[in-house]
Amino acid sequence: MLDAKRIRANPEAIDKELSKRYISGVLDQFLLLDKERRTVLGRVEELKNFRNNASQEIGKKKKAGEDTNTLMEEVRQVGQEIKNLDDRIKVIESEIEIILLNIPNIPHESVPVGEDENYNVEIRYWGKPRSFDFEPQAHWDLGPNLDILDFERAAKLSGARFTVNKGLGARMERAIISFFLDIHSSEHGYQEILPPFMVNTECMLGTGQLPKFSEDMFKLEGREMYLVPTAEVPLTNLHREEILEAESLPLYYTAYTPCFRAEAGSHGRDTRGIIRLHQFNKVELVKIVEPQKSYEELEKLTADAEEVLQLLGLPYRVVLLSSGDMGFSAAKTYDIEVWMPAYNDYKEISSCSNCEDFQARRANIRYRPAPKARLQYVHTLNGSGVAIGRTLAAILENYQQEDGSVIIPEVLRPYMGGLELIKSS
RNA sequence: GGAGAGAUGGCCGAGUUGGUCGAAGGCGCUCGACUCGAAAUCGAGUAGGCGGCUAAUCCCCGCCUCGUGAGUUCGAAUCUCACUCUCUCCGCCA
């Protein structure tokens with residue numbers, strides 16, 4: 001959410017910033033309502049001031065045994081007018097809130113301006129895609145052939161866009177989760193959290209999934225609860241409506257959760273394999289930091305996510321997203337894309353964003369910079385560290401051998417009982 | 001699911017015959033005194049939001065907020081209703 005005062009003070013500048021996200025004219029209605037709100041507010045506050053003084057006067061007069069009927073009648077009438085004006089203000093404020101909740105974050109100055117992914121900027125590459133001296137298989141062939149992924153039975157259970165991991169497929173998924181959590185908690189200083197997988201509406205508003213993107217999520221029947229689309233939601237909302245001590249910052253959290261997404265509007269995309277599912281596993285990283293440090297922290301967070309891919313020996317590249325390709329809440333986003341032989345291309349496996357105070361404002365997460373100083377909104381960051389299913393797919397494809405077996409990356413072997421190879425039985 | 005208790009400032013905790021209560025007291029924190037320094041002690045200060053004024057996120061003025069939302073009243077932390085959450089006991093369950 002943007003700061004209403006900032007919009008009021010400089011609407012042209014904000015409008016220009018929003019044009020980088022190809023949005024225009026959303027401020028006009030806000031400015032109109034904002035002006036009316038302040039006018040009505042001024043009047044009603046005057047009346048309330050009168051009422052407060054008069055009520056006190058009545059108290060005194062009654063104590064002194066004087067007649068108060070005239071004054072009471074007068075205040076009663078003022079009370080009716082106050083009520084009318086208060087009702088109007090309430091309506092205006094809810095309209096203003098709807099407008100503000102639907103405006104995306106403003107891109108950071110370092111973000112390339114452009115309408116889609118074609119304007120993204122490649123930042124760096126790590127590792128070399130392997131050259132195969134045989135025709136590599138896609139993971140959606142490798143998995144079933146090795147009997148570690150079962151799409152047909154998953155369809156029987158739940159329909160399209162689900163998978164069943166079996167045997168070493170299940171074991172490796174669990175191994176990757178443990179490995180990532182261990183690295184981030186032991187090496188990178190994140191506190192491990194196991195949050196609820198269902199959250200309320202306030203959380204979804206706080207991180208920006210609602211009100212705009214309700215069709216992307218799974219909502220529980222008859223309840224104001226949602227299945228988490230990412231652990232970013234529970235982790236960032238841990239401190240919703242809180243005032244944090246400056247000394248407690250920065251806060252680093254990591255969590256494994258399944259992620260549930262309706263994938264509305266992505267029919268026909270990535271229909272094969274485990275790239276795009278309604279339910280997938282992910283280890284997430286979230287940081288809550290002081291504003292002046294957030295961009296430094298974004299670089300570190302991205303590096304933390306990159307490191308797990310380096311340890312797995314998976315080639316990747318880092319891409320800076322353009323203004324039009326960024327998510328709703330982000331001010332700046334790096335995507336990490338892992339090399340996938342079946343696509344002969346890099347495929348997103350992590351998205352690391354600085355949301356600045358956009359989410360903090362919605363979720364009301366503040367801190368006191370110094371004793372006696374005014375409260376300020378914190379900055380929040382999040383990034384996948386990284387997506388588990390896509391990591392499994394990348395391992396299968398990058399570590400496959402000509403006979404269809406798959407070498408287990410060395411760092412995962414301790415998590416898999418020392419096993420070195422997955423081969424069909 | 002049944003019965004009962006409760007929700008107040010960063011924290012703990014008074015206040016429920018409605019009226020100078022945004023709110024005693026304590027802790028914590030900040031500043032000062034004492035001290036070589038520290039502890040202890042003493043003194044002062046210390047909620048948030050909105051609006052006006054303003055160069056200002058300094059002052060100053062006003063309005064709102066005692067779980068949330070309605071209501072009664074000239075006036076509500078205090079009374080009424082609904083809801084949410086927490087705790088205790090019973091039942092059920094992993």
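Arg-161 is situated in the loop that runs between helix H6 (151–158) and strand S3 (164–165). Helices (H or I, at least four residues) and strands (E, at least two) are DSSP runs, numbered from the N terminus. The model is predicted, so local features need pLDDT of at least 70 and side-chain atom pairs count only at pLDDT 80 or more, while totals for chains, interfaces and linings use all residues. Residues are numbered from 1 along each chain as its sequence is written, chains are lettered from A and ligands numbered from 1 in the order in which they are written, and side-chain values use heavy atoms, with hydrogens and water left out.

The phi angle of Arg-161 is near 65°, a positive value in a residue other than glycine. With a relative accessible area of 15%, Arg-161 is buried; buried means under 20% relative accessible area, exposed over 50%, and partly exposed in between (1.4 Å probe, protein chains only). Asp-147, in the loop between helix H5 (139–146) and strand S2 (149–150), also has a positive phi, near 60°. Its relative accessibility is 47%, and Asp-147 therefore counts as partly exposed. Most residues other than glycine have a negative phi, and most peptide bonds are trans. Two cis peptide bonds may be noted here. One joins Leu-210 and Pro-211, with omega about 5°, and Pro-211 belongs to the loop between H8 and strand S6 (225–227). Another joins Gly-385 and Val-386, with omega about -5°; Val-386 is part of strand S15 (residues 379–387).

The overall architecture can now be set out. Chain A contains twelve helices and 17 strands, and its C-alpha atoms fill a box of roughly 100 × 45 × 40 Å along the principal axes. Of its 425 residues, 48% count as buried. Among the contacts in chain A with a separation of 6 or more, 72% are between residues 24 or more positions apart, where contact means heavy atoms within 4.5 Å.

In soluble globular proteins, nonpolar side chains tend to be buried together. A nonpolar core is defined as a set of buried Ala, Val, Leu, Ile, Met, Phe, Trp, Tyr and Cys residues joined through side-chain atoms within 4.5 Å. The largest one here has 51 residues, of which Met-172, Ile-176, Phe-180, Leu-314, Ile-336, Ile-395 and Leu-412 touch the most other members. Helix H7 (residues 168–187) supplies the largest share of this core, eight residues. A second, separate core has 17 residues, including Leu-18, Ile-96, Ile-99 and Phe-358.

Individual residues show the packing in detail. Leaving aside neighbours within four places in sequence, Met-172 is in contact with Leu-392, Ile-395, Ile-408, Leu-412, Met-416 and Ile-422. Ile-388, in helix H12 (residues 388–398), is buried because its relative accessibility is 0%. With residues up to four places away in sequence not counted, Ile-388 touches Glu-173, Ile-176, Ile-177, Phe-180, Asn-281, Lys-282 and Val-283.

H4 has 33 residues and reaches 47 Å from first to last C-alpha, close to the 48 Å expected at 1.5 Å a residue; the expected span is 1.5 Å times one less than the number of residues. Its buried residues include Val-75, Ile-82, Ile-89, Ile-96 and Ile-99, and the buried residues of H4 pack against H1, H3, helix H8 (201–207) and helix H11 (358–363).

There are 24 residues around RNA strand B, of which Arg-8, Ser-55, Val-75, Lys-90 and Arg-374 come nearest. A residue is near a strand if one of its heavy atoms lies within 4 Å of it. Sugar and phosphate make up 77% of the atoms of RNA strand B that come within 4 Å of the protein. Helix H1 (4–9), helix H3 (26–63), helix H4 (69–101) and strand S13 (365–368) each supply at least two residues of this surface, and H3 gives the most, with twelve residues. Polar side-chain atoms of Arg-38 and of Asn-52 each lie 3.0 Å from a phosphate oxygen of RNA strand B.

Terms used:
A polar contact is a pair of N or O atoms within 3.5 Å; within protein, one must be able to donate a hydrogen and the other to accept it, and residues adjacent in sequence count only if both atoms are side-chain atoms.
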